[in-house]
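Work through the following exercises with the sequence and the model side by side, and try each task before reading its solution.

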Amino acid sequence: MDARFTAEQDEIRRTLRELLHKRCGPEELRAAVDTPAGYDPALWTALAEQLGLPGLALPETHGGVGCSVTELALACEETGRVLAPSPLLATAVLTAPLLLALGTDAQRADLLPRIASGTLTAALAVPGPALTTALGLTGHDRRGEWAGGGRAGGVQARQADGGWRLYGQVDQVLDGHSAQLLVVAAHAGGFARSRVLLFLVRGDAAGLTRVRQTALDVTRPQARLQLRDTTAELLGPDGEEALPALARLGDTAAACLAAEAVGAAGRVLERTVEYVGQREQFGRPIGSFQAVKHRLADAYVQVQAARSAAYYAAWATAQGERVGGLALAQAIQALRGAAAEGIQLHGGIGFTWEHEVHLYFKRAAGDELLFGPVHRLRAHAAEAAHVFEEAGR
């Protein structure tokens, strides 16, 4: 493994950081999250047209840039630094890989070029608070019980009039209120022959109701979807089971989320170091006190360790090694620690709505609720690696 970044990777990071510095400062961030969409469409267009961000990891044959997961993770690190609200995670990380892996030739030709150009946003709808289980990060579920098990609950699919109809409800769908395309996991075949399939649902489909929810992390908007006899199109050829594809997606998503959390942790730590060098107590900057230095040094070590883990996870994904869950656990813990120190060391201003340090703490808490918790990510990784099995068994 060559740990050095290529010139192209460095250029992606530099260009993206410059653009976000100009277009996504604290004031722009607050204005964007208060809009109905929850993000700035003009910034999303700029990211797509100038950098090709939505199609960064898509093949050139489908209008993408043709880069790997590593480049996408580096881009997520930069968006995480400024907590940029955008459809990048929902569209490029969670949905586009499924369309690429499972879609028919016609579906790929129709959808992927529009995603790569930024003109089509998409979201993955997994029933219940079980996204990490579906992605294979916090548990094994070979039958897809998280999707309703073919019984009441979740989303049920039935064939009618030569097509498919969906009925059910999905909560906590990232960018589900604004996405133009939804990829919905649903059970088909009833309880006896139940199987999990993925379906394409247009954002304006009849019978679909979408309501934006109040989320702890306002920079990561969520929605509740209600499907009432909603027309849907099966993703991929008939009978293509969704569970293996979702499990494969999990490691890629975890690597990108880890990089995003590392970017946020590094930035909030930088802000805190700057502040303790300015804030004075007893006639001297508080950053000169040994206790403060020790706390920031501990946070720095955590962030650097998490950054190394995230970079390795992004590289290892292409090699077939599944370490994304561990990297995500390390990154969330580092972000939570750095943000907590940031609030503490900023003093009274750190607890106010006017200062943005609390947004980083909410990002850490929100990520752990959606993609964790940390101890379950680590426990599942240990189980998958047979760490605690008796020798010789």
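Predicted model: local features only at pLDDT ≥ 70, side-chain atom pairs only at ≥ 80, totals over all residues.

**Exercise 1. Describe how helix α9 packs against helix α10, giving the angle, the handedness and the residues in contact.**

Solution. Two packed helices are described by the angle between their axes and the distance between the axes. Begin, then, with the axes of α9 (residues 290–317) and α10 (residues 324–345), which come within 8 Å and cross at roughly 155°. Since an angle over 145 degrees counts as roughly antiparallel, α9 is therefore roughly antiparallel to α10. The next step is the handedness, and the crossing of α9 and α10 is left-handed. Finally, look at the residues that make the contact: α9 contributes, among others, Val292, Leu296, Ala306 and Ala313, while the residues from α10 include Gly324, Ala331, Ala338 and Leu345. Sorted by class, the residues of this contact of α9 with α10 comprise 13 nonpolar, six polar and two charged.

**Exercise 2. Carry out the analysis for α10 and α12.**

Solution. The axes of α10 and α12 are 8 Å apart, and the two helices pack at an angle of about 155°, which means that α10 is roughly antiparallel to α12. As for handedness, α10 passes α12 in a left-handed crossing. On the α10 side the contact involves Gly325, Leu326, Leu328, Ala329, Gln330, Ile332 and Gln333, and on the α12 side Val374, Leu377, Arg378 and Ala381. The residues of the contact of α10 with α12 fall into seven nonpolar, three polar and one charged.

**Exercise 3. Which residues of α8 meet which residues of α11, and how do the axes of these helices cross?**

Solution. The axes of α8 (residues 243–276) and α11 come within 10 Å and cross at roughly 155°, so α8 is roughly antiparallel to α11. This crossing of α8 and α11 is left-handed. By class, the contact of α8 with α11 has six nonpolar residues, no polar ones and four charged ones.

**Exercise 4. Locate the largest cavity and describe its lining.**

Solution. A search of the whole structure for cavities of 30 Å³ or more finds one, and the volume of the largest cavity is about 140 Å³. Its lining consists of 14 residues, with Ala84, Ser86, Leu89, Arg220 and Glu260 lying nearest the centre. The elements that give two or more residues to this lining are α4 (69–81) and α5 (88–102). The classes in the lining of the largest cavity are seven nonpolar, three polar and four charged residues.

Terms used. Residues numbered from 1 in each chain as written. Heavy atoms only, no water. 1 Å grid on protein atoms, 1.4 Å probe; cavity = no way out; pocket = protein on both sides within 12 Å on 5 of 7 lines; lining within 4 Å. Points joined across faces, edges and corners; volume = space filled by probe spheres on them. Helix = DSSP H or I, 4+ residues; strand = E, 2+ residues; numbered from the N terminus. Nonpolar A, V, L, I, M, F, W, Y, C, P; charged D, E, K, R; others polar. Axes fitted to C-alpha atoms, helices over the stretch in contact; angles between N-to-C directions. Parallel < 35°, antiparallel > 145°, perpendicular 65-115°, else oblique. Left-handed = near helix turned anticlockwise from the far one by under 90°. Contact = heavy atoms within 4.5 Å.
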